[in-house]
Amino acid sequence: MARRRSLETSAVSQRMNLRRRRQIAWSVLAACAVLGGGWLLRMDYARAISTDVLDLVPTGERDPELALVRELASEAEARTMLFVLAAADGRPPPLEAAARFAAALKRSPAFREAIPLADPASRDAAGRTLFELRMALLFPRWLQAREQSGTRVSGEPIEAARDAAARLKRFVASPDALAFQDLIPADPLLLLPDAIEQMKAALPLVQGSGDGSANGRIWGQLADSPLSEAGQAPAFAAIEHATAEVRAAFPGLIVSFTGVNRFAAASRARIEREVSWLNVLSLTAVLAVAAIFIRGVHRALHLLPVVAFAVLGAWVATTMVFPRVHIVVFVLGALLTGVAIDYGFYLYMQPPAGPGEDYWAKVRRLLKPLLASCFTTVVGFALLLLSDLPLIRQLGLFVGVGLLCALAAAVIYFSTVRNPFLNAREFRLGQAFTPAVRRKLRWTLSLTWLVAVAGLGRVTWRDDIRELEIPSATLKADDARIRAQFGDGGDRTVYLTYGATFDEARGALDKFAAWLRGRAEFGNLAPLIPTRAEFEHAVQFARHEPQFPKGLAAALEREGFAAAEFEPFFEAYRAFSRSESAVLDAAVERLHQALTGPPGLLWHRGPRVNWFVTVARTAPGEAPPASMQTVAASQLQSLNRLFANYRRSALRLSLAGLALVGLGVFLTYGVRDGIRIFAIPCGACLGIFGVFGWIGHPLNLFHLLGAFLGVCLTHNYSIFSATSAYRREPPPVSVRLSALTTAASFGVLALSGIPVVRALGITVSTMVVAALCVIELEHLGALGERREAK
Amino acid sequence: MVGGGTEPASRAARGRSAWRQPVGLAFTVLAAVVAQAAAAPPLIAPQFRLEADPPAWRELAARFARRTDTTASFEERRYFPFRKEPVVLVGDVRVSPVHGLSLHYTSPDERTMILDDHGLLVREASGQAAPLDPRAAAAVGPLRSILRFDFAELAAGYELYGRRAGETWSLGLVPRDATLRRALGDIFVEGEADTVRRIELRRSAKQHIDIVMAAPQPAASFTPEERRRFFR
């Protein structure tokens with residue numbers, strides 16, 4: 001009777017405790033949810049979350065090539081869209097069709113510019129500006145060329161004046177004279193015809209040939225980034241609208257186009273489809289595993305709040321610390337759930353030590369393995385904060401904070417659950433074998449591992465940014481076909497000659513052009529823009545050589561010209577002689593504004609970096625010397641290099657993190673036991689990479705990130721199993737369940753069409769399965785034996 | 001080369017009485033031409049306006065259409081306000097119903113301009129070919145239609161004016177496009193029967209281009225070698 005009363009009292013006391021625990025726990029959790037939710041609700045997502053791949057490049061990038069690519073890609077280059085129109089029979093349409101199409105595009109706010117390349121209007125406008133600026137921009141180059149060739153420009157006789165008059169006489173008998181006849185009185189030195197002639201060599205390299213096919217070519221520039229939503233759907237709608245409008249007048253018109261936004265949109269659509277079916281399949285796989293192992297699957301829903309609070313904490317902390325976070329962080333950060341759920345599994349599936357064990361007593365009992373696994377993993381991820389690459393730093397914070405939140409949420413949340421124990425079905429996996437068989441299997445595994453590890457020497461890396469997307473052969477073929485019509489037949493090399501200031505970049509361009517001459521056919525804007533030294537020298541010449549105009553007038557008379565008709569030139573020459581240095585800056589700025597379409601992409605003026613583009617065909621294999629401040633600007637290669645930088649940074653920090661995790665284990669469990677515990681995550685990682693080396697599977701950044709995650713997961717399994725081993729119990733069922741659900745969900749990712757997702761899936765699932773095999777074979781059983789022996 | 005050739009310099013060495021007579025004759029002829037020109041009403045006038053397919057010109061157009069490959073020599077004089085004397089270019093023109101128009105300049109520099117269905121191409125003596133500046137191309141563009149007497153094509157781009165007197169005829173072309181009109185001016189074409197004898201691109205009294213053509217050589221198809229050299 002007394003015993004019954006005592007039990008009733010105890011039950012009442014427990015109910016009271018539970019009620020009080022719930023009040024406290026729900027208050028804490030609710031406060032966190034309200035504060036975190038409030039922060040996320042108030043957040044400006046468009047500003048805080050970036051989908052721009054360029055945000056993966058550090059803003060203070062030290063590598064000039066990457067810094068240039070960052071600028072280049074965010075500027076006009078990436079916003080360019082190329083269109084090719086064709087009549088129903090496949091031939092180039094009338095120019096009017098292209099003009100109407102371009103006009104329709106320009107009416108849309110999605111497009112900043114649309115230029116039919118066969119329409120001479122923009123070329124004429126640039127030509128007019130260049131003519132007006134001929135003395136400031138072209139005369140210094142003319143003078144420099146004469147002086148360099150040893151032609152006398154002063155004294156008697158003035159050979160340069162004599163040659164100019166003779167050239168002019170030949171020119172007026174050429175077909176081009178008909179085009180320039182009105183300009184000749186103001187330009188007897190033929191500055192403008194010469195500049196246009198030189199640009200004729202460069203322009204086909206950037207906009208294709210000027211033959212009849214040009215009629216159908218249109219160059220467009222988006223108003224917004226092609227990687228943003230604003231640069232995609234509205235632009236496609238505008239193109240559709242323009243197509244319908246022009247087809248009304250030109251039935252059967254065929255419109256093809258390409259641009260970064262087309263790839264980005266297609267890639268995003270494919271990834272969305274892929275993620276949808278991967279998620280469904282992954283969830284199905286996890287539920288299937290859970291249904292096999294758990295009695296009363298619905299009770300597993302108690303694990304969801306733990307994961308939810310982990311993700312909430314990670315989001316809040318990351319967006320609070322970093323003003324702009326890349327979307328990839330959240331995608332990769334979703335993997336956090338895989339680790340975060342482990343604490344819930346472990347806490348929830350551990351049976352009570354005895355009947356009526358208090359929840360907090362259970363927590364205290366399990367605290368050591370929980371803290372050991374959590375803190376060592378957090379320390380590992382915290383190391384990523386030292387990276388100079390934004391993505392890695394953001395990922396480190398996201399996962400680190402997420403794990404701390406997961407542990408705290410698990411401990412607090414399960415205090416509110418009346419029966420915090422999830423019973424599992426009994427399966428004899430490793431236990432199905434006799435100890436002797438297990439021992440033999442362990443030896444076999446060890447030998448296999450030794451062989452596998454030797455494969456580490458054969459590991460190769462392939463850092464290809466294209467592995468971030470699903471390859472689309474059709475889009476690529478379309479892109480290559482259209483670009484070929486714009487002069488990019490795949491044999492072009494684009495060089496960027498850069499400098500902190502415009503003058504520095506322009507100076508370097510001359511050095512580079514001298515190096516490239518004779519090595520490749522190339523074009524750039526050097527013929528149109530003098531260096532500052534050339535400009536200042538030409539002004540001094542005009543000031544101090546008054547004989548030159550007189551000599552030119554006399555030479556013109558001798559060649560049958562009426563010198564008096566050339567007064568517009570002499571007037572411009574006198575005005576030029578009064579020029580200050582600022583005249584060059586103003587002229588350069590005006591020309592910059594006047595150059596639209598593809599020629600406008602040939603240079604960039606910015607506060608931090610200035611560059612000139614040189615397009616070369618059949619470029620030399622060797623890179624230009626560093627003193628020329630010129631890099632071959634293959635965006636693909638540069639982004640691949642960025643990808644490689646990320647991989648190297650991740651590798652360095654992962655190794656350091658691994659060492660720290662190991663140190664944590666050694667400090668907690670002693671060196672001898674620590675080695676045995678740490679051998680599981682470390683061995684699984686090295687063994688799997690060794691296998692990749694043997695089978696010749698090249699690795700990338702995402703294999704590394706997968707391995708990092710895999711180490712954290714298997715480290716948890718190892719520590720939780722060690723706790724059971726010390727008690728001479730078989731590995732806990734929570735480890736088995738966690739490992740199998742993880743292997744199932746990441747195994748599904750291995751079916752992805754996106755190479756990097758596949759890499760992640762394969763790495764994590766194989767590591768987890770390998771670690772589980774080792775645990776099931778009671779590799780840690782020796783810990784209990786040793787403790788017992790003591 | 002036909003038309004307007006200069007007389008030998010040895011004439012200057014003759015005595016005063018020796019040159020008085022021809023100079024006097026030349027002045028008389030010139031005065032007569034000027035008087036006739038002054039008497040003739042200007043061609044670009046409403047009464048000479050032609051439609052796209054003028055009935056009175058159909059028979060002549062049909063004769064042009066029946067012509068096969070033809071060759072004639074020509075002389076082109078370019079008058080610029082900044083030149084004291086016109087720039088004189090000479091060469092041969094070839095017209096093919098199939099291959100288009102070819103102007104082969106032989107002096108002062110050798111080059112060939114080819115105008116066909118693919119557009120305009122300039123081929124230098126070295127054999128290097130390049131598309132012509134669009135504004136220069138605009139000046140040459142109408143020549144092909146003129147030499148083929150293609151009224152429909154001409155009427156699309158120009159207002160047409162014309163008059164005939166027996167076998168001789170004159171055409172006036174005024175570009176419909178203002179930019180082209182500023183670049184080219186008005187175009188005047190004169191001919192006899194089914195041959196074009198003179199083309200003038202007139203921007204002003206001091207700035208015009210005159211092309212005078214000789215009578216075409218007897219019709220014969222171009223040889224493969226000619227087609228290779230002078231056409232695309």
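Figure 1. Within chain B, the highest mean belongs to strand β2 (residues 70-79), at 92, while helix α1 (residues 16-39) has the lowest, at 44. Residues 1-39 of chain B stay under 50 throughout, and the model has 14 contacts beyond four places in sequence for this stretch. Where pLDDT is low, the predicted coordinates should not be read in detail. For the complex, the predictor reports an ipTM of 0.76 and a pTM of 0.65.

**Figure 2. Strand β12 of chain B and its pairing with β2(B) and β11(B).** Find β12(B) at residues 207-213, and you will see β2(B), residues 70-79, pairing with it in the antiparallel sense over 6 bridges. One residue to look for here is B:Y79, whose bridge partner in β12(B) is B:H208. Strand β11(B), residues 195-204, also pairs with β12(B) in the antiparallel sense, again over 6 bridges. Here B:I199 has B:I211 of β12(B) as its bridge partner. To go from β11(B) to β12(B), follow the hairpin, which joins them through 2 residues.

**Figure 3. An open sheet of 4 strands in chain A.** Reading across the sheet, the order is β3-β4-β2-β5, with antiparallel pairing. Which strands stand at the edges? They are β3(A), residues 111-116, and β5(A), residues 254-259; each has a single partner strand, so one side of each lacks a neighbour in the sheet. On average, neighbouring strands are turned by 20° against each other, direction ignored. The partner of β3(A) is β4(A), residues 217-222, and the two are linked in the antiparallel sense over 5 bridges. For a landmark, pick out A:P116, which has A:I218 of β4(A) as its bridge partner.

**Figure 4. Helices α6 and α24 of chain A packed together.** Although α6(A) covers residues 120-132 and α24(A) covers residues 582-594, the two helices pack with their axes 9 Å apart, at an angle of about 170°. That angle makes them roughly antiparallel. From α6(A), the contact uses A:A125, A:A126, A:T129 and A:L130; α24(A) brings A:R590, A:L591 and A:A594. By class, this contact holds 5 nonpolar, 1 polar and 1 charged residues.

**Figure 5. The pair α16 and α17 of chain A.** The axes of α16(A), residues 359-383, and α17(A), residues 390-413, come within 8 Å and cross at roughly 170°. These helices are therefore roughly antiparallel to each other. Among the residues of α16(A) in the contact are A:V363, A:L370 and A:F381, while those of α17(A) include A:G396, A:L403 and A:V411. How do the residues of this contact divide by class? There are 12 nonpolar and 3 polar residues, with no charged ones.

**Figure 6. A left-handed crossing of α28 and α29 in chain A.** Helix α28(A), residues 733-749, packs against α29(A), residues 755-776, at an angle of about 155°, with the axes 7 Å apart. The two are therefore roughly antiparallel to each other, and their crossing is left-handed. Residues making the contact include A:V735, A:A739 and A:F746 on α28(A), with A:V757, A:V764 and A:I775 among those on α29(A). The contact divides into 14 nonpolar, 4 polar and 2 charged residues.

Definitions and conventions. Residues numbered from 1 in each chain as written. Chains lettered and ligands numbered in written order. Predicted model: local features only at pLDDT ≥ 70, side-chain atom pairs only at ≥ 80, totals over all residues. Pairing = 2+ DSSP bridges. Axes fitted to C-alpha atoms, helices over the stretch in contact; angles between N-to-C directions. Parallel < 35°, antiparallel > 145°, perpendicular 65-115°, else oblique. Contact = placed C-beta atoms within 7 Å. Nonpolar A, V, L, I, M, F, W, Y, C, P; charged D, E, K, R; others polar. Left-handed = near helix turned anticlockwise from the far one by under 90°. pLDDT = per-residue confidence, 0-100.
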